[in-house]
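Please look at the sequence and the structure shown here before reading on.

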Amino acid sequence: MYSPKATPAQARVDLAAIRQNVALLKERAGGAELMGAVKADAYGHGLVPCAEAVLEGGASRLGTAFVREALALREGGVTAPILAWLITPDEPLEEALAHDVELSAADERLLGEIADVARRTGRTAKMHLEADTGMSRGGSPLAAWPALLDKALELRAEGVIEIVGLWSHFACADIPGHPSIEQQLEAFKTALKLADQTGAAGSHVIRHMANSAATMTLPEARYDLVRPGIAMYGLSPIPELGDFGLRPAMTLTAQVGLVKRVPEGSGVSYAHLYVTDRETTLGLVPLGYADGILRHATGRAEVLAGGRRRSIAGRVCMDQFMIDMGDDPLAAGDEVVLFGPGDGGEPTVQEWADTLGTITHEIVTRIGSRVPRVYEGRH
């Protein structure tokens, strides 16, 4: 029988840390509701177990990118309100309405398509309308916003949609003092004023804009609801301002697969980018770029092995990489910690991200499906 304990690597996920992080975010939200972003398999931590922990920590709603993610939550028994905000052609909209998934639209075409499904199924679509306030990604440009509101009001009068939310997204909330922050806040105020003038922004309509960074640092952006993502998993949305008291939830470990002694001058892994400068002990760690360990971690990222940090020795391969132990003892089956909260001296996700010139989001979401998630801290 399959057991995570029998696998060569695992990502341990501390659900108690997630609950604690959400509670902290909820406190920082200053009375606003909290929608936990659990897209991308809860940022690589595992969709349903983490969604449950997020709700237990104080979230009242959940957010996903795609409808299929929202439907997976419903299949997993999650009954809380869910918003899916990235609606692409051929999404399973009938299933979304059947399972009470809230949807987002930013243009009249999509709004009309959703309305057609609502008519056909006899179910009212719960809609969030997105304004582009300066991200230039999703959202309706403000020039087209009045027409989108008019279309939504027409469909609401017909009874095929309900306007549940009005929202936008920051481009630079994680860059304190960036001029676009104030510009986007002003643009969102304009969008909300237009919605209020048309009657689209009633007292029951939720206004939301704040991501993790804005939740922590921009009280004026919290409105009725905040939408934290990365911070719920214990990773700082603005690393230069510290960790905000958040606790990283994921610890990535592997069992050493092979240990061998090699002579001075031994080339290690593809292209011999690393050559031993003495007789030494090498250890094989069974994780590679197929598991999300970036190939350019070669010779740069550190792991904890045998009580000390070691750099990856030689090129990261598809399924494995090597570490140089020198004369320190190591045995097959010993645990290597790639990253974790840092309690035992292991590197953190933030350190990996800084070393590799990326963000923590990319490190944790890349960890592949071959690595089982093992959950700790369940209620």
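Which helices each supply at least two residues of the lining of the second largest pocket? They are helix H10 (349-356) and H11; helices (H or I, at least four residues) and strands (E, at least two) are DSSP runs, numbered from the N terminus.

The model is predicted, and local features need pLDDT of at least 70, side-chain atom pairs count only at pLDDT 80 or more, and totals for chains, interfaces and linings use all residues. Residues are numbered from 1 along each chain as its sequence is written, and side-chain values use heavy atoms, with hydrogens and water left out.

## Pockets and cavities

Rolling a probe the size of a water molecule over the atoms shows where empty space is left. On a 1 Å grid over the protein atoms alone, a cavity is a set of points where a 1.4 Å probe fits but cannot get out, whereas a pocket is an open set with protein on both sides within 12 Å along at least five of seven lines; lining residues have an atom within 4 Å of a point. Grid points are joined across faces, edges and corners, and a volume is the space filled by probe spheres set on the points. In the table, Ala, Val, Leu, Ile, Met, Phe, Trp, Tyr, Cys and Pro count as nonpolar, Asp, Glu, Lys and Arg as charged, and the others, Gly among them, as polar.

| Space | Volume | Lining by class |
|---|---|---|
| Largest pocket | about 870 Å³ | 22 nonpolar, nine polar, seven charged |
| Second largest pocket | about 150 Å³ | four nonpolar, five polar, two charged |
| Largest cavity | about 50 Å³ | two nonpolar, three polar, three charged |
| Second largest cavity | about 30 Å³ | six nonpolar, one polar, no charged |

The largest pocket is lined by 38 residues, of which Lys39, Trp85, Met135, Arg137 and His169 are the closest to its centre. Helix H2 (39-43) gives the largest share of this lining, three residues. In the second largest pocket, the largest share, also three residues, comes from H10. Its lining includes Asp174, Gln350 and His361.

There are two cavities of 30 Å³ or more. Met135, Arg137 and His169 are among the residues that line the largest cavity. The second largest cavity has Ile293, Phe339 and Trp352 among its lining residues.

## Nonpolar cores

In soluble globular proteins, nonpolar side chains tend to be buried together. A nonpolar core is a set of buried Ala, Val, Leu, Ile, Met, Phe, Trp, Tyr and Cys residues joined through side-chain atoms within 4.5 Å; buried means under 20% relative accessible area, exposed over 50%, and partly exposed in between (1.4 Å probe, protein chains only). The largest core has 121 residues, and Leu338 and Trp352 are among those that touch the most other members. A second, separate core of five residues includes Val262 and Leu282.

Contact means heavy atoms within 4.5 Å. Leaving aside neighbours within four places in sequence, the contacts of Leu338 include Ile293, Phe321 and Trp352.

## Cysteines and Arg28

No disulfides (pairs of cysteine sulfur atoms within 2.5 Å) are found in the whole structure. Cys172 counts as buried because its relative accessibility is 13%, and Cys317 counts as buried at 12%.

Arg28 belongs to helix H1 (residues 15-28) and is partly exposed, at 32% relative accessibility. Not counting residues up to four places away in sequence, Arg28 touches Thr215, Met216, Arg222 and Phe244.
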